[in-house]
Amino acid sequence: MDTNTALQTARLLVDEWAAAFETPAPNRLDVYLTRAADLIPAVAGLRVKRLGYLAAITGLDPGAEESNLEVLYHFCAGEAVITLRLRVPKEGGALPTLSEIIPSAEPFERELSEMLGVAVTDLPSRGHLYLPDDWPENVYPLRKDFDQQALPKQN
Amino acid sequence: MQAQPKTERFTVPIGPQHPALKEPEHFLFTVEGEIVTQAAVRLGYAHRGIEKATEARNWVQNLYLLERICGICSHIHALAYCLGVEALADVEAPPRAQAIRTLVAELERIHSHLLWLGVAAHEAGFDTLFMYSWRDRETVMDVLEALSGNRVNYSANILGGVKCDIDEELADTIREGLDFLEKRTGHYLEVITSDAAFLQRTRGIGVMTELQAEVLGAVGPTGRASGIARDIRLEAPYAAYLDHPVKIVLDPRGDLEARFVVRIKELFESYRLIRQILDDLPPGELNVRMPRRIKEGETICRVEAPRGELFYFIKSNGSDTPERIKVRTPTICNMTSVVKLAVGHQLADVPMIVVGIDPCFSCNDRMVVIDPGREEKQHWTWEALRRYGIEYYRERNS
Amino acid sequence: MKSNAKAWQNVLSQVKTWARANSPWVLHFNSGSCNGCDIEILAALTPRYDLERFGIKLMGSPRHADVLICTGAVTRQARERLERIHGQIHEPKFVIAVGSCALSGGVFQNCYNVMGGVDKVIPVDAYVPGCPPRPEAIIDGVVKLLSSLTAPPPEHLPHKEDDMEQGNRDS
């Protein structure tokens with residue numbers, strides 16, 4: 001399947017849940033979702049047609065003053081990259097785990113969770129993936145308001 | 001090492017100090033008798049907080065930081081970063097630079113695969129093969145040093161192109177080196193496909209079917225050894241791969257032997273590519289000017305590292321410092337497959353199954369496997385597990 | 001009698017020092033490096049460089065080692081392990097920090113999970129700079145450390161072996 005076909009097919013497959021589309025580059029389609037509940041159906045839509053594989057999950061903090069984080073799920077099909085984008089509140093927000101449909105999502109979601117504080121429900125593993133065991137609670141290094149100086153000194 | 005009674009169930013935490021693997025990682029295997037019933041991994045020992053650090057360094061400083069995510073695949077990280085930032089800035093590196101970048105990437109693949117071959121051989125107890133492959137690898141190290149000035153962290157990339165050139169003399173040195181390596185590689189292929197003791201540890205062991213590989217998200221040679229026809233150089237070509245397409249190396253068998261065969265055959269493909277690039281090196285500039293501030297935007301850059309797909313997401317806010325850089329390395333994709341594959345195998349096969357994915361732990365840190373709810377833990381070093389595997393097979397043969 | 005015993009002590013000391021200097025058993029620890037230094041250390045064992053001809057042997061356990069070769073900037077996670085391993089090595093022990101990261105944190109200085117160098121955690125006897133240092137530089141560092149062991153100790157410092165021998169004779 002060539003790039004354009006992949007992108008067009010993806011558009012159709014997730015149309016039901018997409019609030020908006022953008023094409024930031026000729027090989028890329030950004031799909032803006034609005035509800036956490038739409039994530040699994042949209043992903044399933046792609047998976048049912050075996051369109052693309054989950055290459056990575058990126059978490060973004062738009063700024064300390066913003067109340068939402070943004071999570072990007074990147075699906076790649078040849079040269080095409082289809083990114084599902086979802087905002088999730090910093091306080092009390094949660095996303096469902098993809099790991100039941102896509103086992104390889106688990107380490108990506110664990111990283112997202114510990115680095116940015118996105119709660120991912122029903123993750124099979126507990127505990128940190130990268131951060132040390134003695135890392136303080138509720139401190140998320142990739143958030144913009146992370147204060148390195150405030151970390152407990154190790155001595 | 002005490003022998004384990006057949007019915008006892010115990011967990012084997014491995015790590016974090018591994019003289020052979022030279023990378024601190026921590027695995028936890030739950031074993032019933034000889035068979036692994038559960039496996040887990042925990043990263044963290046090489047987690048340095050690099051993604052966060054990129055937000056406090058400018059675009060140029062970040063090149064030097066990201067090169068050092070991994071000493072084995074330093075160039076490919078820098079390449080992905082440069083290609084991404086250049087895309088954001090709407091700048092194209094000149095053709096000669098792209099060709100040299102590609103050539104160095106293939107040299108890196110060669111050094112990495114030979115390094116892996118030695119380490120994997122060492123895991124199986126074949127230290128002669130380890131010594132020979134690392135001796136032969138020195139040929140590539142010499143070439144990289146002649147080209148860039150350093151054996152490791154060659155730093156050939158700069159934003160906008162490359163900083164080192166290849167003249168005719170160096171090109172001839174490279175060709176001679178490749179001729180030597182090609183002969184040696186032929187020899188290695190023969191050894192690993194015909195040595196009975198080696199095959200006992202690889203043929204039919206650690207089998208991952210194509211479906212399993214697809215579901216578990218295996219990438220790179222690990223995936224290709226299970227028939228997954230995915231190679232970023234081919235499906236999303238970058239740098240000079242557009243002009244010099246790669247021939248994909250696949251093996252349908254999905255066992256450890258297939259993983260050896262795929263990587264060795266990829267060496268032949270790398271030799272061919274380098275020769276082709278050398279014969280066709282475009283003339284011209286080595287680099288172009290890059291702005292200090294990079295235009296606002298997001299870009300995604302995917303490249304084929306020696307271990308598989310390397311994924312970079314780069315976001316600029318228009319300043320001289322990135323807004324966000326996300327690095328997804330190949331080993332984390334393949335780690336899930338190891339964890340699932342180990343289950344049902346003998347403990348003695350575990351070292352080879354782990355090394356079979358060519359794990360680069362500094363690329364994505366360490367994994368520690370923690371088995372919940374076990375009281376009686378035995379702490380083994382990786383060296384102990386490695387020896388256990390070697391002894392197990394030695395006893396079987398006697 | 002006393003002067004003979006003292007002379008014999010000195011000879012023993014020298015033999016021990018020589019043995020330690022000429023056959024050190026080395027333990028390698030990666031405290032969170034990118035592996036660049038680690039692969040050059042391993043390369044030092046391979047035929048071209050052949051560290052073993054100096055009598056240097058790479059060991060798997062702290063209990064058998066004399067020298068700890070440490071790479072990496074020391075991550076918070078690795079810190080405790082490093083301290084423990086250092087503690088498990090019997091005196092006299094020596095520590096060599098290999099690579100920019102082990103010296104000072106290298107490019108990872110001020111990263112949130114990084115201590116910033118081996119000597120932030122344990123005492124270091126020799127530093128081998130480089131990113132990474134080439135195998136010759138690593139060997140040079142190890143050999144320099146060994147040579148410093150065979151040099152006579154400064155007059156004003158007590159000699160450990162003398163104290164031990166004294167203790168043995170008195171009991």
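Two residues are taken to be in contact if their C-beta atoms, placed from the backbone, lie within 7 Å. The structure is a predicted model, in which local features need pLDDT of at least 70, side-chain atom pairs count only at pLDDT 80 or more, and totals for chains, interfaces and linings use all residues. Residues are numbered from 1 along each chain as its sequence is written, and chains are lettered from A and ligands numbered from 1 in the order in which they are written.

In chain A, 52% of the contacts between residues at least 6 apart in sequence join residues at least 24 apart. Chain A contains three helices and seven strands (DSSP runs numbered from the N terminus; helices are H or I with at least four residues, strands are E with at least two). Their order from the N terminus is α-β-β-α-β-β-β-β-α-β. The radius of gyration of chain A, 17 Å, is close to the 15 Å that the globule rule gives for 155 residues, so chain A is as compact as a globular protein of that length. This radius is taken over C-alpha atoms, and the rule is 2.2 Å times the number of residues to the power 0.38. The C-alpha trace of chain A spans about 55 × 30 × 25 Å along its principal axes.

Over residues 1-8 of chain B pLDDT stays under 50, and the model has six contacts beyond four places in sequence for them. Residues 10-25 of chain B also stay under 50, with 75 such contacts. Where pLDDT is low, the predicted coordinates should not be read in detail.

An automatic or database domain assignment divides chain B into domain 1 (9-46 + 332-397) and domain 2 (50-328). Between them, 24 residues of domain 1 of chain B are in contact with 29 residues of domain 2 of chain B. Helix 12 of chain B gives the most to the domain 1 side, with seven residues.

Chain B also touches chain C, with 33 residues of chain B in contact with 33 residues of chain C. Helix 5 of chain B supplies the largest share of the chain B side, four residues.

Conventions. pLDDT = per-residue confidence, 0-100.
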